[in-house]
Amino acid sequence: MGDIREPLRELTECGLPQALEVMGERWSFMILRASFNGLHHFEEFLSELGIARNILSNRLAKLVEHGILRRDPCADDKRKIEYRLTDKGLDLLPAMVALRQWGQKYGAEVVENPVLVDERDRLPIGPTSILSHDGRILGPTDLHLVERAKLGIRADGSRAEIGAMLDRGAVVDIAIARKAQSAA
């Protein structure tokens, strides 16, 4: 990934150790998946996940403490609490989908049902990809680490300009992008 490496011993210089501190165990991901599936109440998590009460309580508290879930009073019974995804929690969706797809590809042969589809066409979603700033699909050989001061300076010394960023709902023709990538 280039001529330099990340400082692997420096746990504060990278977001991965920080993310693993919050999400780095099975039950946190299972609670998050349940939240994306519309569960909000302690008892729902308990019965649907088959998790021990003390572990569920601990994991929910940790997810709330880190701002991934928030505790709200239940609209129809103020004595009850609902756990709702925050924006920070919703931003974990791409990571959840990527892990799910990886597990489907390399895990046990499981026929997915129900199938995760896009709302508009109701067809299975495509593979989660790493996209460049302008929407090109990137592979492992396309990734490099550079010092912050050298952002935008190409290998030949020319300066790159930030392209049009993709927004939610933007359409990328994957076949054309793959063809252009293989031609490069």
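This is a predicted model: local features need pLDDT of at least 70, side-chain atom pairs count only at pLDDT 80 or more; totals for chains, interfaces and linings use all residues.
Helices are DSSP runs of H or I at least four residues long, numbered from the N terminus.

The chain as a whole contains seven helices and four strands. Along the sequence these elements are arranged as α-α-α-α-β-β-α-α-β-β-α. Of the 184 residues in the chain, 21% are buried. The accessible surface of the chain is about 14,300 Å², and carbon and sulfur atoms account for 55% of this area. When contacts between residues at least 6 apart in sequence are considered, 46% of them join residues at least 24 apart.

Helix 4 covers residues 53-65, a run of 13 residues. The distance from its first C-alpha to its last is 18 Å, close to the 18 Å expected at 1.5 Å a residue. Four residues of helix 4, Leu 56, Arg 59, Leu 60 and Leu 63, are buried. Viewed down the axis of helix 4, the buried residues fall within an arc of 100 degrees, and therefore they line one face of the helix. In general, an α-helix has 3.6 residues a turn, so residues three or four places apart point the same way.

On the face of helix 4 turned away from its buried side, Asn 54 and Glu 65 are exposed.

Notes:
Residues are numbered from 1 along each chain as its sequence is written. Side-chain values use heavy atoms; hydrogens and water are left out. Helices (H or I, at least four residues) and strands (E, at least two) are DSSP runs, numbered from the N terminus. The expected span of a helix is 1.5 Å times one less than its number of residues. Buried means under 20% relative accessible area, exposed over 50%, partly exposed in between (1.4 Å probe, protein chains only). The arc is that of the directions from the helix axis to the C-beta atoms. Contact means heavy atoms within 4.5 Å. Accessible areas come from the Shrake-Rupley method with a 1.4 Å probe; for residues, only the protein chains shown count as cover.
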